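Hi,

Here is the structure I said I'd send over. Have a look at it first, and then read on for what I found in it.

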Amino acid sequence: MKYDVTLALENRVEEYSFGAVAKQANGSAWLKSGKTVILATVVIDETEVVEDDFLPLTVQYIEKTYAAGKIPGGFFKRETKPSDFETLTSRIVDRSLRPLFPKGFGHPTQITIMVFSADTDADMQVLALNAASAALYTSDIDINRSVSAVRTAKVDGELVLNPTLSQLKDSTLDLYLSGTKEELLMIEMRSIGSEKVEVEEGFEPMLDPMMDPSLGTLVIDTHISNAVAEDELIEILDKTQQLLFTSNAQYEEAFSSHQKAIKPLDLKAHHLDEMMVNYVRDNHMQDIKNAMNQMAKSERSTALRTLRKDILTKHEDWNELDLKNAVEKVKKEQVRSQILNEKVRADGRALTEVRPISIETNILPSAHSSCLFTRGQTQALVVLTVGGPKDAQMFEALTDDGTQNENFMVHYNFPGFSVGEASPIMGTKRRELGHGNLAKRALEPIVNLDGQTVRLVSEILESNGSSSMATVCGGYMALRAADIDTSDTVAGIAMGMVSEGDKYAILTDIMGLEDHDGDMDFKVTGSKDGITAMQMDIKLGGISLNVLKEALYQAKEGRSHIIDIMLEAEEKIEFNDGVLPSTEFFHIDPGFIGEIIGQAGKTIREIIEKFEVAIDIDKKDGKVKITGKNKEGVQGAKEHIHGIVNAPKKEKIKYEVGSIYDGVVKRIVDFGAFVELPDGTDGLVHISKISKERINNVKDVLSEGQKVKVEILEFKGNKISLAIAE
């Protein structure tokens, strides 16, 4: 393959070939970076124009397993439905490129990105966008701006721009920016939780530290979320943004000579009858305001439709579509004007005011935990299920060597009835997958599951405003309602902005109307101290970091308000004790493990059977994990083990053949009875040694707990043979 352009970028080299393959597409770019090869193509339907007011753009990112020398697993040896990673990558590319298209562009457009060869250290999401933008920029479509992506990691406290996947795995930050050479268009950010290890000297050990010097120190392992403070995030954004702007300038300079001749395409004319607009302003402004006060989307749509029908009865010769555009323009003007000039929103709230919140936990008696989180007219029912390691979701990424396990899952469902739509519930849509992923990124940094598997399912029951942020809040409460430890209290809030010239207003907790008629959709999650996840799409063409900083601090105030309400609700949680599985982790002195296990595993079996639990013990460091169906059983087993560890040690007796001791019958079996000797050692009295007379059933003579005198007969390795003394 002959390459037309070679670019040496930060931490990466990219080589591009234009027009060598896929020549019938409107634009194509073959990208090679390291061992990664990607083909991006752009095709438009020149014969069709969609009349509705939206951009008919479809983006598909497709991975082929042959790119990594693999054959698809499972019964079918052909790639089937897109993986979650493919769908999420398609969404990122779509959200980044959509702002480039001019208003009125109505031709159906298909962008396809195919991975032909995969480098195990390559950042596919960055390369996918870069390849798609290159194909679009050099195509015959009249789009003359390059969009690219830069990812930033934080490894050992140092920022790494355009990290490899290996570096990203060791990072505490994952920040993805996309934009042009002048404007920031999209932000995706998450913190990555880690373990903080502290060593406390002078710890008094249970064993002599002279035998092992490490016993004189206590190692404390703490999970931290690595939430990023607002000021620090702005500094990181500034550095990343500069590289983004510089890279796009390089792309445009390198690609400009490879642009095709522009194909003339007609844009849809935006039908706006000023006479109708003025009529609606002069005669029906109060009706518009009344419709705006119908906060639910379905109610507002009904009110506006009724208004149009009423006007058309008086003006039968008017076109309903033109009237709809006129009504929509007046409504949008009123929404924005009221916010900018009166500092009052359509529902009467102040710009920084959060809608009323109610929280109910564990309302589902058979679920492990649940939370019904309601904020205004947005309502999420988040349900949590706890499982073991075998319940994890298995997946295999193209850049992974083998199968991976996902033990923290967030699944988000958005049925039509939540917005008053009469639509059937079908398969998971891209939007649902994206919202669930955002909530997962927000919550994952604060949980350390340590072998457990947790699945959160958010059922959106009503939506007017950010249901993904309601999912974050409800998800946190469901975690606490399942008694799962979290390192921070995390909430989410959706922010918006309206601007005209130099005037702007930042909105806290936006509703659907403000999202539709505003200029920015900005979701922030985190604790009172920092941000764990963020997602931003900018509609107005860039945003200054000063305005962004103001929005971040306003979001922090709103988030803190919500967290206070959540903490109050947390104090009232009543666990589903009869249903909720319980797990306890603690450490014991490894020197006591033998006593907990007991002779041939006798003691640990007794604990498992008595308390109905599962017990795992790490013999090296003394870590104990107890899992059971209820909290009482787990606590009982834990106390029993602590009782063994803390019980005064009995001095071992040197037994001799012929000696007689007092013992207690511990267990009766068909062939005899096990008797506990004074120092806790067990010995076996065979049925033939119980009595001089023949007996058929041991229980006819002995019973468990009975005190008996026994004689030592012989030693067989570690086993002691006994007889009932006369």
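**Two helix pairs and two residues**

Helix 1 and helix 2 cross in a right-handed sense. Keep in mind that this is a predicted model. On the helix 1 side, the contact is made by Phe85, Thr89, Ile92, Val93, Ser96 and Leu97, while helix 2 brings in Met124, Gln125, Ala128, Leu129, Ala132 and Ser133. Sorted by class, that gives 8 nonpolar and 4 polar residues, with no charged ones.

The other pair to look at is helix 10 (residues 467-481) with helix 12 (residues 545-570), whose axes come within 11 Å and cross at roughly 25 degrees. Since angles under 35 degrees count as roughly parallel, helix 10 is roughly parallel to helix 12. The crossing of helix 10 and helix 12 is right-handed. Cys473, Tyr476, Met477 and Arg480 of helix 10 meet Ile562, Met566, Ala569 and Glu570 of helix 12. In the contact of helix 10 with helix 12 there are 6 nonpolar and 2 charged residues, and no polar ones.

Now for the single residues. Is lysine 523 buried or exposed? Lysine 523 has 7% relative accessibility, so it counts as buried. You'll find lysine 523 in strand 22, which runs over residues 520-526. Its side chain makes a polar contact of 2.9 Å with the side chain of aspartate 521. Setting aside neighbours within four places in sequence, lysine 523 is in contact with Leu438, Ser466, Ser468, Met469, Ile493, Ala494, Ala533, Met534 and Gln535. Ser468 and Met469 fall within the residue range of helix 10.

Leucine 159 sits in strand 8 (residues 158-161). With a relative accessibility of 30%, leucine 159 counts as partly exposed. What does leucine 159 touch, not counting residues up to four places away in sequence? Its partners are Thr152, Ala153, Lys154, Ile236 and Lys239. If you want a distance to check on screen, leucine 159 and isoleucine 357 are 38 Å apart, C-alpha to C-alpha, with a separation of 198 residues in sequence.

That's what I have for now.

Cheers

Definitions and conventions
Residues numbered from 1 in each chain as written. Predicted model: local features only at pLDDT ≥ 70, side-chain atom pairs only at ≥ 80, totals over all residues. Heavy atoms only, no water. Helix = DSSP H or I, 4+ residues; strand = E, 2+ residues; numbered from the N terminus. Buried < 20%, exposed > 50% of the residue type's maximum accessible area, 1.4 Å probe, protein only. Polar contact = N/O pair within 3.5 Å; in protein donor to acceptor, adjacent residues only side chain to side chain. Contact = heavy atoms within 4.5 Å. Left-handed = near helix turned anticlockwise from the far one by under 90°. Nonpolar A, V, L, I, M, F, W, Y, C, P; charged D, E, K, R; others polar. Axes fitted to C-alpha atoms, helices over the stretch in contact; angles between N-to-C directions. Parallel < 35°, antiparallel > 145°, perpendicular 65-115°, else oblique.
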